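Please look over the structure below before reading the points. They go through it piece by piece.

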Amino acid sequence: MALKSKLEVLSQEDLVRVHEASLKILRETGVVLLNEEALDIFRTHGAKIENKTVFITEAMVDKALETAPKSFRMQARNDRHSVTVGEGMLVQPNVGPVYIQDLDNGRRKATLADYANIQKLCQASPVVDLVGSIPVDPSDVAPKDKYHAMMYEILKNTDKPNIGFCANAQEVREQLDLIEIAVGGNLADKHYTSVLVNPLSPLGYGTETLETMIEYVKRNQVLLLAPCIIAGVSGPITLLGTAVLQNVEILAGLVLAQLINPGVPVVYSVASTTGYMKAATYAAGAPEAMLINTASLQMGLDYYHLPTRTMAGITHAKVLDYQAGYETMQSLMLGMFSGAHMTVQSLGVLDAIMATSYEKFVLDEEIISRVKRVKAGIDTSDEALAVDIIQSVGHSGNYLVEMSTFENFRSLWTPTLADWESYPDWENAGSEDVGIRANRKFKEILRNAPETLLDPETDKMLKAYIEKVKR
């Protein structure tokens with residue numbers, strides 16, 4: 001039986017207070033939208049607008065919550081990899097790192113080859129459910145070509161549900177066109193892709209963010225609405241205050257999406273943390289980060305009954321050291337135990353999401369596997385009580401030769417990289433630390449990755465389209 005309770009920091013009364021505070025801010029202060037089409041959509045539906053500030057009523061919020069789905073299916077090109085968002089925990093790639101690093105070459109700016117490598121690792125991973133996004137930002141591709149190049153590598157190297165990119169309207173339409181070519185049909189029929197968008201905190205949405213939202217929603221694709229607020233910098237210093245601001249910004253985006261296309265999936269996503277006030281910067285290893293996000297996840301899960309996503313697995317560590325391990329585990333444990341349906345920033349992140357480590361990617365897979373095992377709980381059936389076996393073995397026997405042991409020992413969790421052998425055996429095997437084993441493993445995965453998952457005709461069509469729309 002899975003664990004019966006999840007981490008909670010707010011009472012039921014607190015959830016009501018956060019909701020009412022959010023409605024007050026939406027109604028009286030409003031949200032700035034730096035996009036005329038978005039303003040026109042609200043204007044058409046009777047919203048009060050002053051300059052670029054939209055004031056959102058409780059009725060609008062209620063209606064949006066009625067039409068937003070509680071769960072939905074993410075379709076993969078290979079249906080074996082299709083998933084349901086809103087049930088269990090799904091893992092997606094990182095978003096935002098500009099550097100790549102490994103034990104052989106150190107830290108360096110990522111290239112398109114590195115981007116493709118991460119997609120291959122995601123495709124091969126038993127714990128990664130969604131692919132794409134920007135786990136590293138390739139520095140060797142011109143900005144005007146970057147989104148085409150990254151989407152092509154996603155489609156070439158993976159067949160799991162994917163995550164696209166926030167860009168201007170034309171670039172977004174083109175990346176969605178590429179996905180349509182790859183799936184061989186109209187995107188509106190199924191949810192093949194999603195996109196992460198971040199509000200312009202506090203209380204705003206930027207131009208490209210809104211263009212991305214509008215284009216994805218028009219084609220019935222999924223929005224991951226994720227404020228990235230820094231408490232004390234772009235949000236209130238109090239954890240609850242930042243949770244309120246986060247909730248306000250998500251509700252504003254939710255309303256816009258449902259006005260455009262009622263029923264389009266929106267994932268209530270949280271990615272806020274506290275500031276490192278010594279430098280007025282982002283604090284990636286703070287325990288308070290998940291306290292803020294746990295409060296918000298309670299709103300998404302328990303009050304609004306929406307699919308949820310959290311940032312979990314972040315660290316400020318620069319290398320594979322003790323800090324990287326404990327901050328990653330802290331963030332992942334709190335994120336998964338808060339009940340979120342998706343997690344991000346949990347596959348190789350270092351240096352406050354500035355870098356992705358190849359070795360840490362495969363190490364984090366093991367951490368995720370550990371946490372999922374703990375969250376799964378224990379078997380509580382009558383058979384699992386083992387009364388007959390205990391009585392049969394009695395006072396002086398052992399359980400190694402029991403048939404139940406032979407039948408079930410493979411169900412116990414075992415590591416993929418951690419060393420559990422005796423010291424002499426470890427020493428005789430070369431005294432390797434876990435980083436060396438991780439280095440060997442990621443290289444082996446890449447060596448065995450297929451050259452492409454595209455058939456020749458689809459590959460030809462994708463390349464032709466990219467060539468046609470090149471600027």
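Predicted model: local features only at pLDDT ≥ 70, side-chain atom pairs only at ≥ 80, totals over all residues.

1. N439 sits in helix 16 (residues 434-448). Is N439 buried or exposed? Its relative accessibility is 9%, and buried means under 20%, so N439 counts as buried.

2. The side chain of N439 has a polar partner: a contact of 3.0 Å joins it to the side chain of D104. Apart from neighbours within four places in sequence, N439 is in contact with L103, D104 and E359.

3. W413 lies in a loop, between helix 14 (403-408) and helix 15 (423-428). Which residues does W413 touch, not counting those up to four places away in sequence? They are E366, S369, R370, R373 and W420.

4. W413 and S369 are 44 residues apart along the chain, while their C-alpha atoms are separated by 8.7 Å. Their side chains make a polar contact at 2.7 Å.

5. Turn now to the nonpolar residues. The largest nonpolar core has 109 residues, and L33, F42, I56, L223, L225 and L254 have the most contacts inside it. Helix 8 (residues 239-260) gives the most to this core, namely 12 residues. A second, separate core has 21 residues, including V83, L90, M311 and A352.

6. Leaving out residues up to four places away in sequence, L33 touches A38, L39, F42, K52, V54, Y205 and L210.

7. Helix 1 (residues 12-28) has 17 residues and reaches 25 Å from its first C-alpha to its last, close to the 24 Å expected at 1.5 Å a residue. Its buried residues are D14, L15, V18, H19, S22, L23 and L26.

8. The buried residues of helix 1 pack against strand 1 (31-33), strand 3 (53-55), helix 3 (58-67), helix 8 and helix 9 (287-303). Just after helix 1, G30 takes a positive phi of about 80°.

9. A last point concerns the record. The unreviewed UniProt entry annotates residues 222-244 and 250-271 as "transmembrane region". In the model, residues 222-244 are 26% helix and 26% strand, with end C-alpha atoms 23 Å apart. Residues 250-271 are 50% helix and 23% strand, and their end C-alpha atoms are 11 Å apart.

Conventions
Residues numbered from 1 in each chain as written. Heavy atoms only, no water. Helix = DSSP H or I, 4+ residues; strand = E, 2+ residues; numbered from the N terminus. Contact = heavy atoms within 4.5 Å. Polar contact = N/O pair within 3.5 Å; in protein donor to acceptor, adjacent residues only side chain to side chain. Core = buried A, V, L, I, M, F, W, Y, C linked by side-chain atoms within 4.5 Å. Buried < 20%, exposed > 50% of the residue type's maximum accessible area, 1.4 Å probe, protein only. UniProt positions renumbered as here; feature names shortened; annotations may be inferred. Expected span 1.5 Å × (residues − 1).
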